[in-house]
Amino acid sequence: MSGMSNKTKLLTLGFLVCAWPVAAQTSIIRTVAGGGPDGVPGGQASFSQTGAVTVGPDGTVYFTARGTHRVFAMNTSGEVRPVAGSGVKGFTGDGGPALEASLNDPFGVAVDAAGNLYISDAENHRIRRVDAATGNISTIAGTGSGRYTGDGGPAAAATLYRPYGLAFDVNGNLFVADSTNNVIRRIAPDGVITTVAGNNRGTYAGDGGPATSASLNSPYGIAFDSAGAMYIADRSNHRIRKVAPDGTISTYLGVGSSSFRGDGGPAAQAGISEPYAVAVDAAGNLYVADNGNRRIRKAAPNGGTVSTIAGNGNLSPVVDGGPANATPTTAHGVAVDSVGNVYIADGQNHRLRKVDASTQRISTAAGNGQPAYSGDSGDATRAVLNGPTGLATDGKSLFIADTENHRIRKLDLETGKISLYAGTGEGNFSGDNGPATAARLNRPIGLSLDPQGNLYFADYRNHRIRKITPSGVITTVAGTGSGGTGADNVPATQSALYDPIDVAADASGNFYIADRYNYKIRKVSANGTIETIAGTGSGSTTPADGSTAKESRIGYPMSVAVDASGNVFFSDNSNRRVMRITDGKLYVAAGGGGSQSNIGDGEAATSAYLGSPQLLAFDDAGSLLIADSFGNRVRRRNSDGTMSSVAGTGTAGFTGDGPAATERQLNAPSGVAFVAPCTVYVADTANNRIRLVRPLLSYNINTVPAGLQLTVDGETGVASIARQWEATTVHTIAIPTPQEGEEGVRYLGPETQYVTVPCGPETQDINIGFQTQYRLTVETTEGGKLNVETGWRDADSEVEVKPIAAEGFVFQGWEGACAEKGADECVVKMDAPKSVKALFAPAG
């Protein structure tokens with residue numbers, strides 16, 4: 001960086017040649033792609049199976065994405081962000097950030113007056129709460145067991161069975177459609193739970209009597225009107241039931257059979273089918289998500305006229321801008337805002353739709369219609385991936401096999417932006433000899449770059465290896481497109497492959513194929529001829545070390561990699577080992593020992609445990625990185641032959657980003673890549689993210705002398721300052737200067753320091769030296785002057801002070817630092833603040 005002093009350059013350049021530390025040290029893990037949509041315009045967001053929808057007090061629209069196991073919020077500007085759920089199905093996270101928690105089919109959603117969010121976590125049989133102030137999640141009802149118990153006691157000790165719809169009344173009571181229990185339950189502000197409708201029998205009965213004696217049949221949705229009456233979407237009874245404030249139940253809308261009829265007539269004569277949700281506006285109009293009829297119905301107050309306000313009974317095509325009641329939609333949820341706009345959870349079309357109150361025209365408020373693909377041309381961390389697996393890098397870009405999206409994406413490692421590199425999203429085959437972005441792929445998995453920048457990939461379900469040139473042209477370089485046993489010593493494009501899962505290109509123009517269901521490792525020479533270098537075509541146990549590779553039966557090969565010496569490694573998934581081919585012989589490189597509770601870190605790699613070794617990559621020191629999918633870890637076979645863990649705990653899940661990488665969960669990681677000097681990228685497949693792992697270093701930043709101010713990355717503090725910094729990142733230490741000390745003392749700092757963080761060792765000290773200065777104060781009596789002026793002088797410097805008498809005056813002596821000097825001249829040693837006074841008197 002131009003303008004740096006030599007000292008600054010040493011801080012920077014001295015750290016650039018470090019390799020990944022051999023000794024174990026703390027590493028940080030963070031997401032670099034996937035995990036979205038987050039902070040994107042609604043129309044660019046991707047999510048799956050919108051369920052419930054509600055409008056918060058501030059106009060924020062909240063909706064559930066059941067297939068994505070998340071809850072999203074859309075602000076009044078139309079931006080969508082996640083507010084609960086990591087996207088991983090399960091039950092985790094109580095007491096921590098809601099975005100790191102696992103949900104399982106979040107169905108209903110409600111917001112209280114304080115902005116706290118409530119979620120019916122249906123398949124976890126719980127109600128969960130996200131605190132508006134902290135963003136943390138907790139369970140307020142349900143134990144996780146699908147039963148019907150606990151009335152009259154604390155809701156957290158009660159059991160629920162697939163809770164769906166949620167709603168608050170004006171008194172702050174939360175009502176829950178306890179669907180499989182066929183009841184509506186109330187959770188009071190003090191946490192006590194009671195049943196307020198339904199008798200736990202899934203049938204139809206009880207109109208005109210107490211709601212607690214009536215029968216409901218899979219109640220889904222709940223809403224309240226301004227008078228306190230409760231409306232229930234009694235799904236399998238094909239009715240909307242009403243519970244008056246006195247507790248009496250009646251049928252408000254629906255004839256009890258699955259039908260579509262009654263528009264233009266009274267609510268009691270209308271036919272609906274499997275209503276999912278209800279909402280009431282300020283005027284008392286009732287809105288029904290008539291799911292079986294794929295319509296939103298509206299009933300005027302007091303059981304008045306019914307009409308269809310959205311949907312025409314069809315699923316597709318999705319068209320925006322037209323009359324809502326003539327446009328296809330599904331109806332999984334409905335809500336109305338304060339001005340009468342109606343929001344629809346269009347679940348099967350993976351969208352949130354909006355019906356404008358003034359025009360009655362429909363539009364897409366959120367969702368691009370693709371359940372798990374979005375974000376191209378934007379920040380990668382706001383994008384959505386779907387089952388990413390293979391990775392490859394040239395150090396500037398990271399190529400990602402977005403397997404279940406049938407695409408290859410490209411992450412710019414400098415800008416953090418993601419883009420489409422290949423595939424249309426349709427799982428099929430087409431496009432050879434044309435642009436890769438117009439080609440159809442079918443579950444691409446393994447990726448490899450050759451020295452010329454050609455990207456090879458295993459087009460898994462197309463039974464091909466394909467190549468994309470740097471100019472973006474795609475071709476098939478191996479495989480016929482039909483899965484089967486292929487001949488050797490023929491052109492590779494004339495030999496069948498069977499679900500090839502990985503490919504590795506070497507520096508000589510050859511590439512290697514993990515031909516999975518043929519139980520073989522194949523080699524395609526630079527001239528295009530294919531041969532088998534390991535495996536006979538039948539699976540078996542691990543062969544003995546030194547066995548002839550071509551004559552040995554191997555298990556499913558799930559990956560292939562080539563080291564700098566030309567040795568070929570592959571993961572034998574069936575036998576939980578990584579194998580090495582050297583000079584045509586087979587050897588175990590890693591795996592085959594240990595257990596899930598004793599994975600063998602620090603021991604010989606051949607004695608270590610691997611759960612399901614998948615894709616492989618080498619670092620610049622020759623260590624082999626292994627994505628252990630079922631083991632939920634990334635392992636490293638170090639260059640000295642020992643094994644260590646890079647990331648993951650061994651338990652599948654998502655516990656967020658941060659230190660330490662080995663204490664953060666992964667979920668079936670499938671791919672790895674390495675960028676020098678010490679960055680590991682992980683395809684965290686079932687978490688739908690790409691994660692980065694780097695060493696994390698602890699810095700102590702000191703001043704000499706101690707206790708002075710520094711501004712570190714824009715934050716000013718008094719040294720010593722402690723920081724934890726990620727390897728390879730660059731940080732700025734600005735030095736406020738000068739700084740005042742005690743009276744007459746100040747300190748001059750050096751120019752700004754730029755620190756590039758090395759890969760190790762784990763603890764670093766930076767000492768910023770200051771120049772101490774002392775103030776020299778000079779004065780005279782009348783009749784003369786001195787040769788120096790008052791000012792700052794460097795510590796330990798010497799200042800020669802000379803008196804200069806005016807005409808008619810003579811120098812008589814000194815006061816202060818020169819008082820003991822007899823001569824006219826005085827040398828002042830600046831080892832502290834000093835003052836000097838020269839005395840003059842009239843001559844004669």
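**Disulfides and aromatic rings**

Both Cys678 and Cys759 are buried, a word that here stands for under 20% relative accessible area, with exposed over 50% and partly exposed in between (1.4 Å probe, protein chains only). The model is predicted, so local features need pLDDT of at least 70 and side-chain atom pairs count only at pLDDT 80 or more, while totals for chains, interfaces and linings use all residues. Residues are numbered from 1 along each chain as its sequence is written, and side-chain values use heavy atoms, leaving out hydrogens and water.

Cys678 and Cys759 are joined by a disulfide, with S to S 2.1 Å, where a disulfide is a pair of cysteine sulfur atoms within 2.5 Å. This link connects distant parts of the chain, 81 residues apart, with Cys678 in the loop between strands E50 (671-675) and E51 (679-684), and Cys759 in the loop between strands E59 (753-756) and E60 (763-769); strands are DSSP runs (E, at least two residues) numbered from the N terminus. With -85° about its S-S bond, the link of Cys678 and Cys759 is left-handed. The count comes to two disulfides, and Cys818 and Cys826 form another, their sulfur atoms 1.9 Å apart. The torsion about the S-S bond of Cys818 and Cys826 is about -90°, so this disulfide is left-handed, and both cysteines are buried.

There are 20 aromatic pairs, meaning rings of Phe, Tyr and Trp (its six-membered ring) with centres within 6.5 Å, stacked if the planes are under 30 degrees apart, edge-to-face if over 60, and otherwise tilted. Among them, Phe63 and Phe72 have ring centres 5.7 Å apart and planes at 25°, so the pair is stacked. Tyr231 and Tyr252 are edge-to-face, 5.1 Å centre to centre with 80° between the planes, and both are buried.

Definitions and conventions: Helices (H or I, at least four residues) and strands (E, at least two) are DSSP runs, numbered from the N terminus.
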